[in-house]
Structure formats: C-alpha cells, structure tokens
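Please look over the sequence and the model below before reading on.

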Amino acid sequence: MTNSQTALVRVVDSAGWSYLDALAPVTSLVWSSNYSGGPTAASFNLTADAGANIPHLTQGAAVTIHRGSSTLWAGRVATIDRDSWAVQCDGLGGLVAQEQVSTSGAMTLDAQVDAAISNGLPLTRPASLSSTKWGNANVTPTDGTTLDQLLSQVLSPTGYAWTVSISGVISSAPLPTT
C-alpha cells in the first residue's frame, strides 16, 4: 500500500512520541503486510535538512502508520539515513522473521516464542500456539533457524498458520481452505 497523503506516521521511543508529519513532511511512504504473518516492512522519506533534530526518531523506536483513528501498520525503525532522511522499518511480522531461535533443549513452540518476547521481541502471546515438543513434531531447529521458520514448521502440518496483529499479538489461525 502507498499513500502518504492520507496516512500519518507516529514514532515512539523511551522519551515520548510524535507524529513525524508534524515535524517534517513524510514522502514516499510505502508499507507492506502479508498473510498470515502481518506487518512486514515500511519505508519513507522526510523532507528535512541533513542532520536536523527529529525528536523520538531513533533506531528501534516503535513506528505506526495511521489513517484517521485506524492503525494500518506497526513495527520498529531499522535504519535512518540522517543525510537524506530515508527511513527503513521492520514490521512486527518482519521482526519474527529476523529472530533466531534457541537450538538447545526440548523446548515447546510456546517456550520459544516466550523466550523471544523476553529478549525484546515486541509481541504478546495471550494463548498457546503449540505445546508440542520438538521430538513429537519431527522438528529440530538448527543454527540459523528463525522464529518464523520454526512457527511454520510446527503449525503448517497441523493446518494452522501464525499471524501477528497490528497490536502485536502473536497467535495461530486455521489455514484457509480456498
């Protein structure tokens, strides 16, 4: 989706929040989501002088894209080029794709997700995704396995997919039949 004329970009860091549009015009706003993973990536440019002070825009700051009272996309700032003011963001689902999983012990999928959340993944897991241990699921994570790969390996054979909502809730849902 692309529409910088009718969407606002909000950024939040530990010191507060601001709508970037109020500080510098946002241009070239593009964001993406996929089924079923949720928000994946966003990028935009700011019309500001090189090295300008844009409060709250820091690497790792939370970013949301809004239209009216609806939140359309959520994620975190990945990179900022302070000369050209090009900003790249990872969506909440995109962050799941970057999270490395532990390869030690017979952990459940719930335990893997909870470990990622305790390590800073900005999600919540209010319900069980799967309590199957690796040996029972014929899945053993290896070095380099990401959380999204593990979620898919465990859930797909059971007819489920993982998803992340705009509000940061990770859950599983039945795969579509059509």
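What follows is a walk through a predicted model, from the overall layout to individual residues.

The protein contains five helices and nine strands. In sequence order, these elements run β-β-α-β-β-β-β-β-α-α-α-α-β-β. Of the 178 residues in the protein, 39% are buried. Among contacts with a separation of 6 or more, 55% are between residues 24 or more positions apart.

The interior comes next. In soluble globular proteins, nonpolar side chains tend to be buried together. In this model the largest nonpolar core has 21 residues, and Leu20, Phe44, Leu46 and Leu57 are the ones that touch the most other members. At least two residues of this core come from each of the strands β1 (8-13), β3 (26-34), β4 (38-46), β5 (62-67), β6 (70-81) and β7 (86-91). Another core, of 19 residues, lies apart from it and includes Ala116, Leu121, Leu129 and Leu147.

Leaving out residues up to four places away in sequence, Leu57 touches Val11, Leu20, Leu46, Val77, Ile80, Arg82, Trp85 and Val87. Trp85 itself is found in the loop between β6 and β7. With a relative accessibility of 0%, Trp85 counts as buried, because the limit for that class is under 20%. The backbone of Trp85 has a phi near 60 degrees, a positive value in a residue other than glycine. Most residues other than glycine have a negative phi. His56 also has a positive phi, near 75 degrees, and is not a glycine. His56 is found in the loop between β4 and β5. At 18% relative accessibility, His56 counts as buried.

Turn now to the surface. The protein exposes about 8800 Å², and carbon and sulfur atoms supply 51% of that area. A nonpolar patch on the surface is formed by Leu8, Trp17 and Tyr19, which together have about 280 Å² of accessible area. Tyr19 is part of strand β2 (residues 16-19). The relative accessibility of Tyr19 is 30%, so Tyr19 counts as partly exposed.

How many salt bridges does a search of the whole structure find? The search finds two. In one, Arg125 pairs with Asp110, and the closest N and O atoms are 3.7 Å apart. This pair links distant parts of the chain, with Arg125 in the loop between α3 and α4 (134-137) and Asp110 in helix α3, 15 residues apart. Asp110 is buried, with a relative accessible area of 9%, whereas Arg125 counts as partly exposed at 22% relative accessibility. In the other, Asp114 pairs with Arg125, and here the closest N and O atoms are 2.8 Å apart. Asp114 lies in helix α3 and Arg125 in the loop between α3 and α4, so this pair ties together parts that are eleven residues apart in sequence. Asp114 counts as partly exposed, at 32% relative accessibility. Through shared partners, the salt bridges join Asp110, Asp114 and Arg125 into one network.

Where does Glu99 lie? Its place is the loop between α2 (92-98) and α3 (109-118). Glu99 is buried yet has no salt bridge, and Arg76, the nearest side chain of opposite charge, is 11 Å away. Apart from its neighbours within four places in sequence, Glu99 is in contact with Ala116, Leu121, Thr145, Thr146 and Leu147. Among these contacts, Ala116, Leu121 and Leu147 belong to the core of 19 residues described above.

The last stop is Gly37, in the loop between β3 and β4. At 7% relative accessibility, Gly37 counts as buried. Gly37 and Val164 are 127 residues apart in sequence, but their C-alpha atoms are 5.6 Å apart in space. Besides Val164, Gly37 touches Gly93, Trp162 and Thr163, not counting residues up to four places away in sequence.

Key: Residues are numbered from 1 along each chain as its sequence is written. This is a predicted model: local features need pLDDT of at least 70, side-chain atom pairs count only at pLDDT 80 or more; totals for chains, interfaces and linings use all residues. Side-chain values use heavy atoms; hydrogens and water are left out. Helices (H or I, at least four residues) and strands (E, at least two) are DSSP runs, numbered from the N terminus. Buried means under 20% relative accessible area, exposed over 50%, partly exposed in between (1.4 Å probe, protein chains only). Lys and Arg count as positive and Asp and Glu as negative; His and the chain ends are not counted. A salt bridge is a side-chain nitrogen of Lys or Arg within 4 Å of a carboxyl oxygen of Asp or Glu. Contact means heavy atoms within 4.5 Å. Accessible areas come from the Shrake-Rupley method with a 1.4 Å probe; for residues, only the protein chains shown count as cover. Patches are made of residues with over 30% relative accessible area and no salt bridge: like charges are joined within 9 Å, nonpolar side chains (Val, Leu, Ile, Met, Phe, Trp, Tyr) within 5 Å. A nonpolar core is a set of buried Ala, Val, Leu, Ile, Met, Phe, Trp, Tyr and Cys residues joined through side-chain atoms within 4.5 Å.
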